[in-house]
Structures are given as C-alpha cells and as structure tokens.
Amino acid sequence: MKKKILSYLGIFIVAIFPLIAYFMPGTKYFLQVSIDILMYTILALSWDMLVRTGQASFAIPGFYGLGAYVAAIFTKTLGFPIIFSIIIALLISSIVAWLLGYLTLRLKGMYFAIATLAFSLILMTLVIQLKDITHGSEGISTITMFAGNKYMIYYLIFITFVIVIGISEYIQRSKYWYSFTAIRTNEQVAKVMGINTVRQKVVMFVISAMIASLIGTYETFIAGFIEPHSVFNLSIGVMALAMVIFGGIYSTIGPIVGAVILKIIDEILSTTIGLGYMIVYGLIIVITILYLPKGVLGIWQKK
Amino acid sequence: MAEKIILETRGITKYFGGLRAVYNISLKLNEKNILAIIGPNGAGKTTTFNLISGVFPVSSGNIIFEGKDITKTNPAERCHLGIGRTFQIMQPFEDMSVLENITTGALFGRHKYSLKEAKQKSLEIAKRFGLFEYKDFVGSKLPLAYRKKLEIARAYATSPKVMLLDEVMEGLNPAEAREMIETIFSLRDEGISIIMIDHIMFTIKELADWVIVMNYGEKLTEGKYDDVVKSKEVIEAYLGKEETC
Amino acid sequence: MNTFIQVLVNGILQSGTYMITTLGLALAVGVVGILNLAHGEFLMVGAFLSIIFYTVFGIDPLISILIVSLLILLLGIGTYKISLKKVLDSAEVNQLLLTFGISIILQNIAVLYSGSKEVMVINPPYRDLSWNIEGIGISFSKTLVFIIALILVITLFYILNNTKVGKSMRAVEQNRYGAYIVGINADRIFKIAFGVSVGLAGLAGVMLSIILYATPFIGFNYTLKAFAIIMMAGMGNLRGILWSSLILGIIESALGTYVPGGTGWSEGIFFFIILIILLVKPEGIFKK
Amino acid sequence: MKKFLQIILTIIVVSMFVSCGKGNKIVMGALIPLSGPGAAVGIGTKEGMDLAVEEINASGGIYGKKIEIIYEDDGNNPKQAIAKVEKLLGKDEVKYLIGGMASGVTIGIADTVKNYKPIMAWIGAASRFAEEKYADADWFFHYHPWEYYNIQSTADFFASTGAKTIAILFEDSAFGSGGSALAIPMFEAKGFKIVVKESFKSGSPNFTPLLTKVKAANPDILYVICYAADVIPLMNAVKELDVNPKLIYPVPPAWPAEFASMPISEYVAQLNFWTPDFPYEETKKFNEKFQKKYGKMPVSYWQPLGYVNIISLAEAIKAVEAELQKEAGKKYSDEEYKQKVIQALANQNLDTPFGKLTFKPSQKIKYQGFTNWLTTQFRKGKLEIVFPTEYKTADLVYPAPKWKDRQN
C-alpha cells in the first residue's frame, strides 16, 4: 500500500516537474536533461521487459536508429507529417522485430546477444552505405516537433513514459509475469507446462523493439537532425543494460531508479569535473555492482 | 481388456546425430492405468518421456493421444491436450515461490485458468499435496521430498489427463515413499492415467498395471509385473545388474 | 593472378590480427566464463605501454612485449582479485556491467594520458619493412603478428589439452564445483586463466602498436569482433578461432579489392556472416 | 561505503548550485568534446583557449574584467550537445558561445541556439549542411573554413600538377563522406577522371584490400580523406604493396607528430589549414608561448584555433569596452552591447597564427573567417609550402619517385 502511494507520488512529481522547473534559473536546461532522463528510462524499461524472458538483447541501438531513420526519411524526403512518420516507423520496426525475433530468439545468452549486436551493426552499415536514401554519414536534417517547444516535448515523452510503465506493470501483475519468469529460469520446463515460449518471446521482443524505435523517432524530432554514428551508437544499448542492472533487474522501479541516478550522476560529473569525469562515472558503476549486486534497489530488499 | 487406450506410441525412434537413443518403442496406455517403464541407466527411458512430452521431436514413428496423431505438435500444445510431466532432476522455477510455481501450471495448462482462478487453484493444489506450509518458499530451497511433491503438484496444476512421472521415488525414505505411492494412487483414482519411470521394484510391483522393460533404447519385453520379472532376458539385462550393485 | 595472390596474402595477414586479438578473450569466455567487455581496453593499455616503453626508455616493442604482457597479466590478476572474483557466480549481465565500468575507467585514463594527441605511434626500424616477391607485397610486421598468433593458438591448444594446468582449466570449465571436489583450486585456476587471458590482450596490444597505433578507443571494436569470432568458432574452440579468422580475413580482403565500394560494406558483411552462422549453426561452424 | 558515496554526492550537488558570482567578469561558454572519440580535439582546443585566457588575464584582463570560460562536453553527440547548450545559454546565461568541433553537433544545436541568439564564435564544423543551418544567423561567426574552400584549393592544386586520374579513399563518417561528396563532382568538373572511390572505417583500418585495388587502377593522385590515426597504417600499406601514384595526398585534420620523422612521409603532399611551420610572425610567437606553457609543440590546428577563438573575441569586446571607457557613465543595454561586439568582430582585422583574420560573407553566411589553405609537401621531415605559388617555400616534387627507386 505504501509502495503504491509512493509510486503515484513519484509519477505526480514527474508530471508537475516542468512547473517546478519553470521557477528555476535555466528552466530549459533542466527540462532538456529531464527529457533525456525520461528517454533513457523508457529505453531501460524496454530492455528490462525483454530480459525478463531471459533474452539479453543488443538490438536496442538497431531499432532506435531504425526508428530515427524511418521517421526522418518519411518526413524529410517524402514530406509526411511527423505523426504519420512515427506510425510508419513503428510499423516497420515491428515487422523487422517480428522477423528478427523468429530467427534469433531460439538462441540463448551470448549467442542471442551477439546475433542482435550483429543486427544493429548491419543496419548501421546499410544506413551509411545506402546514401541515396539515407544521405549516409552526413545525416539528415528534418524538422523539430512542436516547433522545439520543450514543454510539449516533455509531456509527449512523459505520456510515453506512463504508458511504458503501464505495460511494464501489467506484465508484472498478469500471467505474463509467470510465463516470463518460467521461460527465463527454465525454458524447457516452461514449454512442458503449456507455455508457448516462442510466441511469448517474440511478442515481447516486438514490443521492446517498438518502444526503442519510438524513442528513436523522438530523437529525430527533438534535434531535427540525426546521423548514423549517434543514433546507432552501441553505447545506447550498453547504457540501457547498465541502468537496468544499476537500478535493479526484473522490475519496473529498478530501471527507472537506475536511469535517473546514472543520468543525473553523468550530468553532474560532466559539468563539475569536466575533463576526465568518465573515470569517476566508471568507478561508481564498478563499486555499485561489487557492493550491490542486486542494484540500488537491493538496499531495500531483504537478503 | 476392453479398456480405452488414451495414449499410444507407434515405433517411435530418436537419433542424436549418429547415436540411437530410442529405437522403435511402441506402447499403449489405457485410461486410468499406471504404466511403468523400467530399465538400466541409459536405457532411453527419459528420452522416451521427452519424445512423448514433445521436448524432442521424434526421428520416426507416431504418437497418438485420444485417437489423434500428435506427433507434429509442440510441447505446449501437448500440455494443452492433457499431457503433463515431471522431471527426474527437479527443476522448480528458481525465481518463484512454491505457490507461484504451481500457479504457472494452472495458468498455462489445459484449462488456461485466469490469474485469479489459478491462484485459487494453486492454493488448493498446494494443500492437496501437502505443500501448504511451504507455499512461500523459493522452489530451490525446499527439502528433497517436497521438491518431488512440487514437481508433481506443478504438473498436476496443468490439469493433465496423462502424467509422465520421471523417478519420483528416487531418494525418498520409506515413509515418504509410502506417502508418494498413496499420492499416485489418488491421482489414478481421480481419472489420470500415469506412465512412470522407476528403479524401485517394490513400488512398481504395488503400483503398475503394466510394465515395459527397456534396454539399449529398445523395448526388451512387457507384461504384468510378475510375468516380467520372471522373464529371463530381464533378469539378465536389468535385474541381474541393478540388484547386485 | 597476381592480384588474386595479393588478395589472399592480405586476407591471411589480416586474419593474424583477428586471431591475436580474439585468443585471450576466448580463454576468458570459454574457461573462466567471464564476459569481459574490457578485453579491448586491456589491449589498448598494452599498446600504450609498448609505446611508452619505446618512447621513454627506448625499449623496442619486440623486447618489451614480454614485460608488457607480464604487467598486463598482473593488472588482470589484480582486477580479478578486487572485482571479477565477486561476480563469478552472478548473472552474465552483472559481469557485462562490471567489465563495462572497467572499460570506461581504462579508456578515460588513457584519454587523460594522451591529451591532445589524437594518436600515439612509434616507428621501430622494421615497421615499414616489407618483401616484394614477384610483385606480391608482404609486410614483415604483419607476418610477424600472424606467426606469433599462430604459435599462440597452437601453444594454448597444447597447454589446454596436455598439461596439468590446462586439464584443470578444462575441468573447471566443465564443472566448477566438481573440480573443487577432486581437489582443483578453482579460484586459483580462474585467477591464472583470467590473468593469461588479459595478458594475451596486452600482447596483442603490443603487436597492434607495431602495425597500427594506439588511441584510447582502439579497443572496443576489437572486443566486438572478438566476441563475434568466438561465437562463430564455437565457445571454447581454439582451432575454430583460427579458421574463423582466416575466413573472415580473406572475405574482407576479397570484398575490399574486387567489389566496388566493398570496404565500406566490410563491417556489415563481417557481422552478416556471423549472424547467418549463428542462425544456421548456433554451436559454431567448427565443432570440436 | 554507502556513507562515503552519500558524502561525495552531497558535495557534488552542493557545488553544482553554488555558482560563482558574475560581477566583473566576462564569461564564455565553450562547447567542445571532452570524452569519447574527439576528446583529443577538444583537449587541444582547450589548451589553446586556456593559453589565451591566461595571457589576457595576466595582462589585466579587458579593462580589468577577467575572462572566464565554462567548458562543457558535447560528447560529439548532437542530443547531448543540446542539453549543454541549454545549460550554458539558459542556466549560466553566457553571452558568448564558443568552441565547436563536429558538424553534426553544430547542426543539431542550431534550433536551440536560435532561441537565444548569443554571439556564436564558432571554430568547428565544415559541412555545407551546417552552413545552411546558420544562413540567416547574423550573430554567427565561423572561423573554420567550409569544406568547399578546401576542396576548391585541392582541385586548383591538382589542376596545377597536370595529373589526369585520381583515386579517392575516404573514411565513412560525416567528415570523409561529406568531403568526398563535394570533391567528386568538383574534380570531375575540372576534367579529372576518378578511377577509384572507396570508403573505409576509421579506427580499425585494414588498407591492404583497398590499396590492392588502387594499385590495379594506377592513378596519378591518391587522395585520402582520413583522420590522423589512419595516415601511418595507410602509408605503411602503400609501401608494402608498392603502390606508386605520382602523388599521395592525404588530408587528415591533424598529423601524428611522429609522421614527419618517418621515411615514408617523404614526398607526401597535403592540404594544410595550419602547421607550426607556417611562415607568419604570429605563428612563431604562438609556438613559443605554447611551448612555454605546455612544454611541447602544438600538434594540431585546434590548439592555435582555440587560441585565436578567444583572442579574436576578446579583441572585439575590448573595442566595445574602449568606447565605454572614453565616455564615463555611458552605458549600453545588453542588446546594444551585443550589436557593438558583433560590429567589432565584423570589422576585425587581426594577425593570427593562421595569417590575417577578417570576416567576409561565404556562400551562405555573413561572417566567414579563414578561407585559405596551403598545399605542403613533406621533404626530409619538414613541411614545405608548394602551393599556391605566392607562399611557396620549395618546388613540388611531382611525380614522386617510385618506392624501389628511393634510398631507404
């Protein structure tokens, strides 16, 4: 019960944050940072939801970039309105994810991770090489959404955030929690218990990919410019993993806590220490994983 | 015997690479019967179970369940039809409590209960198999006898018509074994047909309506317990070895 | 015809780089079971040390290679003792995060060290030595890398299969707790194996400092490719690494020479081959 | 452990909110890469900037006002850069946005910067797309030449050699792709035949397959758009495979310092925006000052460019302050002050290590700083200027001797 109140309070604070930020000097800076934090939170959640089925994926950069590029191409080259480009990006990503999922999801552990990593890198090569469509490494300039109004952007991402939390919590409370946990701990037994493991994993993979791709489309329309080396950046995938493990895996609150803390640490360190701040960042990650193997949330959990 | 056959295999065979694990096994399970498969280690008993439950596809042969050919179905579909099984090496879902393990069976088994019903059901099942006091334990921390019970309870939760029990007696003390025998009888009395793999002869003598003896992946002989144990080949191949060591 | 032979030579020499950068990681992944994302960073530190030894003390890389490998080996053992040991039994993702943290630290220390220098290079006298046989160019230093890689693969293969340490490593690989029971000190074996794994990365770094250069970020790409090659070869299969590297090296070389725009596609094709192999034969194409 | 972390976090958070008072200071916000690939460029820029700040503040600042720079790390990533720009312009309220490196970042922050319209004295970005983004910004001063200037100089130089065929190799990120996309049509327009055009991935280069192809095509000129790291492996492979174009012309933004001393560098020609050997008085002075402060020679043009960035802006501010000094009590509003500084910059005529700095319109923008490029050639470990003829310090060796005809 207390937990419930706390989480509603948390969402409420996130919801009214722009109002608080409005009275701070450098409003838009705090808004922009919170936009980044929310985007990472969503990515981390999407990664966590998939890893609940036991599949640790490196496809996030691939789908993030795919979403970003499809959206950019449809808006810039074909003149589609932003909202349609986003929908098309989601459709295409879901089809790609569905195919990729059926092909790769029977692989386990490292094999799956490397297969999805390969997918991300292959997509990046395609985007760099197919210059006629993608403009290659020079990137594509498009328009920004809401004419760059940070409040509107914030609320769009906030709504997405709430929806993704909803999906994550639904999974935690429904029969999917049972099937995912079963698949993760022992897929063979799960099958014999009547769980259609392939379908469950593929569906989750598609959802996770669509979320990553949606965030990719947001990136396109926040900066109004994308380039392959920053949207297919593997560190997007590694960061999602880091945030999940840092916060606490297999939960809704864990990835959120991880993303918020890591992103804020990153921001604070980079503006205070400057050159070399990443060393401290790395140290914080190492120390946390050594002393809190269950992530920050592990502090509150019973042994 | 004019009893109804619920499950039948016709010459199922399994190769792993060039290795022949199971060859030409045909068996018939009558409704509400208990069929025991015995044989020395490595005889292919567990592989046979894996073929029937769909964990491995057969290399050749057919599996008939309630008159339908289910050879090409996957394990989940076989579970939905009503084939439940336990594993010899107990494999509870480690991140789940005992109750949640059972709930999983109820959720995705033959009846596909809703979450609310499944939770209700799993409480009943936990009580029925004497697991109620352990219901919040994490599966892997249970004592052995209770893990065996959990295996059965979880399979039972899928509402099977046929249960495949893989060495559920192994490692139990006499009192626990007695309890297990009663449990198996009670399952049979409920209308569930059972195939069991076991080594312990007195339980088979007591439980089995029909016994199949396997060796080197093939069926050696079959029949009533008393007939089978008298068979010369069996004494040579199986009893002669197993009993002496 | 000449071009074709040159393409083969180029491919074979390139495969030496792949072998030498993959070997150490294969030991860590296959034996210790540690997914070491920082492998490439240990390699990078090796390359930096080689360059420091050369520029500061005037010691040639071919001499300092032993010192550097040993230093990195000790660094590896130290890293194992204070950190990795604690995550051996944790989930794979925890190991990934821990080694990711280590890689960030090493990378950024290197950034501080190299400062405004974009790239560190050395020029030992044999650096651009090459033979020209019937119009076929063969680089001395790359041939050296290839030969050393080959020797290391064979030696490691021999050690794992024929010596007591190697056999204990394989025993530990197969069953950690079983190994304890038969009296093998698994912790010590892990320590040694991880140290050697990282030491090999350092050695690869020294070789890279001769044929390429060092930057703080040179390692990551090799980590990725090394993981991919290991998966292609099949976990814990050293001979497979040899063949996989050769195949990838030669394909890359042929692609770059014969296909217009081929080099731009080479990384994509590299991972495409690996993806296909994972899908068709997930246990690796060169099963033991 | 927990307590230790808590304390550290508290210190960091507190220090974040205690911002220094502005008072008698001129604050500039520098956006440069300080982590990730690109950090070396950022660090180089910072060295140049720090040198300039030290120099100005040591001589009493600008009429007593000291210069302070807030450095922010753009991580070479457009999205990260947006947040940092919001911090510099929104939270720290700096009036001068300086620095810059990647074109992608410059394009990505354009819309954000336009909300604030600071004085943007920008030393990065060469892409024509970046120029388009700032076409209407009359507060945007661009020091770095646009890439078409260098392609134009290159094409002119190539034409002067009498070469007919060119092989182009370019690295596959924005720098190389953009350069090649411009270069290929421009070269073709000048009547050159492009016999090879290939991209490669900078950072883990394997040049032998590419150069085997180049060797078969046997071009007059081998033109390579690459980064510093690629140059030496490239030249090693050229020698290894005995590739003998009449001229090898790589154009990295900076050279590895060791390259000049390597025998393979002999006869290699390239386009230079700046080298420590430039024949200007200011270049020598800069080298000395730099050497004195850091104990090393500058390694790339980013160091003097960072220096010029500050000096030029400071000169403009000084001119405005001088007006205020003349008439006691006179005050400009913020907007007036800004316009005055813009005016001063626009009229600037400054001697710099790069030669004269003035701002003139380029194809799209109003204030473009440097535009000249010199072609140099390595001769016995030294860079000699060979083109254009008015700056020439040596004659171009063309064609360069074949590898087998060379001494070592």
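**Strands, cores and confidence**

Mentor: Bear in mind that this is a predicted model. In chain D, strand β1 (residues 25–32) and β3(D) pair in the parallel sense, over four bridges.

Trainee: Which residue of β3(D) stands opposite D:Leu31?
Mentor: D:Gly99 does. D:Gly99 also has a bridge partner in β4(D), namely D:Trp122.

Trainee: How do β3(D) and β4(D) run, and how many bridges join them?
Mentor: They run parallel, with four bridges between β3(D) and strand β4 (residues 119–122) of chain D.

Trainee: And the residues of β3(D), buried or exposed?
Mentor: All are buried. D:Tyr96 and D:Ile98 point one way from the strand, D:Leu97 and D:Gly99 the other. Side chains alternate between the two sheet faces in a regular strand.

Trainee: Changing topic: how many residues has the largest nonpolar core?
Mentor: It has 246 residues, and A:Trp47 and D:Phe259 are among those with the most contacts inside it. Helix α2 (residues 27–51) of chain A gives the most to this core, 17 residues. Apart from it lies another core of 116 residues, including D:Ile32 and D:Leu313.

Trainee: What does A:Trp47 contact beyond its sequence neighbours?
Mentor: Among others, A:Ile60, A:Val244 and, from another chain, C:Val93.

Trainee: Where in chain D is the pLDDT below 50?
Mentor: Over residues 17–21, a stretch with one contact beyond near neighbours in sequence. Where pLDDT is low, the coordinates should not be read in detail. The mean for chain D is 90.

Trainee: What about the complex as a whole?
Mentor: The predictor gives an ipTM of 0.90 and a pTM of 0.92. Chains B and D share no contact, and their closest C-alpha atoms lie 28 Å apart.

Notes:
Residues numbered from 1 in each chain as written. Chains lettered and ligands numbered in written order. Predicted model: local features only at pLDDT ≥ 70, side-chain atom pairs only at ≥ 80, totals over all residues. Heavy atoms only, no water. Core = buried A, V, L, I, M, F, W, Y, C linked by side-chain atoms within 4.5 Å. Buried < 20%, exposed > 50% of the residue type's maximum accessible area, 1.4 Å probe, protein only. Helix = DSSP H or I, 4+ residues; strand = E, 2+ residues; numbered from the N terminus. Contact = heavy atoms within 4.5 Å. pLDDT = per-residue confidence, 0-100. Pairing = 2+ DSSP bridges. Lists of a residue's contacts leave out its neighbours within four places in sequence.
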